[in-house]
Amino acid sequence: MMNSNTTRPSFPRRPRREDTAIHFGADYNPDQWPETTWAEDIALMQRAGITVVTLPVFSWAHIQPDEDRWDFGWLDRIMDLLAQAGIDVDMATSTASPPAWLTAKHPEVLPTTRTGETLWPGGRQQWRPTSPVFRRYALELTRRMAERYGNHPALVAWHVNNELGCHNAYDYSDDAAAAFRAWLRERYATLEALNDAWGTAFWSQIYHRWEEILPPRLAASEPNPTQLLDFRRFSSDALRNYLRAESEVLRAITPEIPITTNFMVMGDTAAMDYPSWADDVDFVSNDHYLDSRPGGIDELAFSASLTSAIAAGRPWWLMEHSTSAVNWRPVNPPKLPGELARDSLTHLGHGADAICFFQWRASRAGAEKYHAALLPHAGADSRLFRDVVALGRTLTDLSEIAGSQSVRARAAVVIDYESWWSLTQEFLPHTRLDYRGQALDWYRALVSAGLRVDVVTPHNDLAAYDVIVAPLLHVVPTELAERLRTAVVGGSHLVTTYFSGTVDEHDHVILGGYPGALRDLLGIRVEEFSPLLDGDVAVLSNGATGRMWSEEVTVTDPSVQVLRCYEQARGAAAGAPAVTRRAVGEGSATYVSTRLEDEDLAGVVTELLAAAGIEPDLPEPLRGEVIAAVRRGDGVDYWTLTNRGNRDLGSSADVADMLGGTPLGGADKLGVTDAVVVRVPRG
Ligand code: GAL
């Protein structure tokens with residue numbers, strides 16, 4: 001590649017694509033291929049109806065081959081080709097993977113693990129979010145990208161870095177230590193306040209100087225839990241701060257170009273507190289990879305709904321998913337016929353205005369050569385590519401949905417990142433509580449009852465929901481307890497579980513009996529936890545079984561109704577309450593003191609909905625069989641129905657008819673791997 005000069009090119013500007021279409025695209029890595037393949041790439045993209053590509057995510061080493069050498073020539077050429085082809089570019093700042101010359105010259109930018117090991121180059125994302133040296137180089141690259149391409153006709157959005165925190169969420173280096181101290185000073189102002197919050201009277205941990213404080217590096221025993229929680233908060237903030245640094249450079253040069261960065265709301269990815277990042281991007285985007293085990297589609301919808309909540313109901317972009325197999329699980333099966341479109345439409349139904357993939361052309365070499373792409377190793381003459389072309393047509397059929405807002409459901413499951421984090425400590429009554437898995441169980445139970453379900457965070461308007469299920473809501477600051485009380489008094493029906501309300505924002509136990517912050521609202525009191533050993537079960541009065549946990553619950557308010565008792569449990573007397581419900585104001589507060597099996601959870605949900613007078617959202621034949629999501633357009637609602645069961649649900653026309661609408665796009669029938677979008681006129 002030739003060195004090119006750094007003068008800003010003057011491209012003719014064309015009007016930006018209006019938001020009247022669902023974008024369809026992929027990560028595109030043209031610099032990993034000879035330029036002779038580019039013409040074919042573009043022709044095939046046009047055949048598939050690709051409207052947007054993300055590039056150059058991992059190209060720093062190509063763009064800046066050495067400290068004072070820059071090569072934008074190849075990028076200029078591909079940008080021009082894309083513009084001529086009418087394909088937009090979501091342009092990555094290319095800072096995700098620093099080049100070898102940089103890390104060789106400045107090994108001090110490399111992250112350090114908790115055990116003091118260096119994360120060396122050879123993979124990707126080997127940089128410390130707090131390194132001033134990394135930042136100097138990365139922001140220089142960002143500035144040059146903005147200056148060079150800010151006016152390019154293909155540019156529609158800036159894509160900061162890539163999946164911030166994916167491989168470097170926790171860094172325990174000296175840079176991190178210094179930034180952690182600065183963050184703590186900001187949070188606590190005085191050492192006295194910090195010592196108090198961290199409970200350092202315990203185990204002689206009192207700090208007398210800020211310099212004494214370290215990240216929670218490998219210690220001789222379990223580290224201080226509040227230090228751990230604060231380090232989690234700090235690490236998320238450090239990455240957000242990095243996002244802000246790049247964004248500042250971009251905004252100063254191209255204030256009119258929207259900025260995003262791809263979040264990772266999926267599976268067990270928990271390091272980044274995305275609800276607090278949402279205001280830092282102009283539009284939210286997310287990466288999601290299907291869990292190919294049974295029930296994976298529920299997890300996909302759960303994640304898509306949470307993404308929509310983080311985006312406050314506004315349209316967002318699905319920046320990455322996979323056409324078929326991934327390469328990074330122990331076994332990576334391909335998607336079944338239908339699943340490619342089903343997954344895309346399920347995201348779209350939950351608010352995605354762009355359906356994009358990793359990646360355009362399957363790699364020949366490198367760690368991801370067995371990861372599916374839009375254009376597989378087999379080439380365009382393949383079932384996969386034909387499915388991609390068909391998806392492009394489907395998304396065109398669905399254009400009128402673009403820009404429409406998600407319609408809030410009546411039931412919500414709450415995900416609270418701080419509770420999630422606090423449940424990852426090593427010293428707990430039970431260390432395998434599976435925070436997200438438990439939330440997903442409740443989500444499934446509500447969906448099985450025929451409801452539309454939102455997954456929300458405490459940042460969302462909880463009082464707007466008729467049903468709020470907040471399992472394992474462990475960290476409950478006074479402000480959150482108050483909001484929940486207000487919601488319940490105003491008519492919401494709250495369900496929470498064991499180990500909720502237990503600690504405040506400093507991870508200090510709320511005294512006087514569990515579940516601390518929620519004790520009065522629930523009208524119960526628990527003196528001791530009784531987690532269950534593996535294989536141990538608690539038997540309830542109706543024959544239901546609970547795992548993981550049991551408790552001796554005492555009812556403290558006479559209005560509390562006992563819905564289930566323990567019959568036989570390690571920590572509860574026979575006849576002691578296991579599930580309780582208290583009517584409060586216009587609503588109610590329910591407590592479930594053990595982890596119920598799925599069918600028992602379904603039973604509790606059915607009873608609670610009946611008691612609250614909440615009817616299912618779906619017609620009888622579809623209840624429990626589909627995941628439903630709704631977006632609202634002008635005089636019309638768009639229902640996306642995703643088959644989640646193992647039964648063919650009939651023709652899409654018949655299914656649409658049940659909702660009083662007509663099919664707008666998607667499969668002709670709602671088979672087991674299908675989704676359909678239905679247009680339902682309102683009013
Ligand atoms: C994402 C990443 C992509 C690619 C993809 C593979 O985490 O952003 O670059 O690695 O995973 O599934």
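Two cavities of 30 Å³ or more were found in this predicted model.

The largest cavity is lined by 15 residues. V467, H493, V495, L608 and L609 lie nearest its centre. Several elements meet at this lining: α13 (435-448), β13 (467-470), β14 (493-497), β21 (587-592) and α16 (598-612) each supply at least two residues. Helix α16 gives the most, with four residues. By class, eleven of the lining residues are nonpolar, three are polar and one is charged.

The second largest cavity is lined by P129, T130, A169, D171, A176, F231, F234, S235 and A238. Here helix α8 (residues 225-253) gives the most, again with four residues. Six residues of this lining are nonpolar, two are polar and one is charged.

Helix α1 was examined next. Spanning residues 38-48, α1 has W38, D41, I42, L44, M45 and A48 as its buried residues. These residues lie on the same side of α1, because they cover an arc of only 165° around the axis. In an α-helix, residues three or four places apart point the same way, because there are 3.6 residues a turn. A39 and R47, on the other side of α1, are exposed. The buried residues of α1 pack against two strands, β1 (23-27) and β2 (52-55). They also pack against two helices, α3 (73-84) and α11 (383-397). After α1 comes G49, with a positive phi near 80°.

Technical notes: Residues numbered from 1 in each chain as written. Predicted model: local features only at pLDDT ≥ 70, side-chain atom pairs only at ≥ 80, totals over all residues. Heavy atoms only, no water. Buried < 20%, exposed > 50% of the residue type's maximum accessible area, 1.4 Å probe, protein only. Arc of directions from axis to C-beta. Contact = heavy atoms within 4.5 Å. 1 Å grid on protein atoms, 1.4 Å probe; cavity = no way out; pocket = protein on both sides within 12 Å on 5 of 7 lines; lining within 4 Å. Points joined across faces, edges and corners; volume = space filled by probe spheres on them. Nonpolar A, V, L, I, M, F, W, Y, C, P; charged D, E, K, R; others polar.
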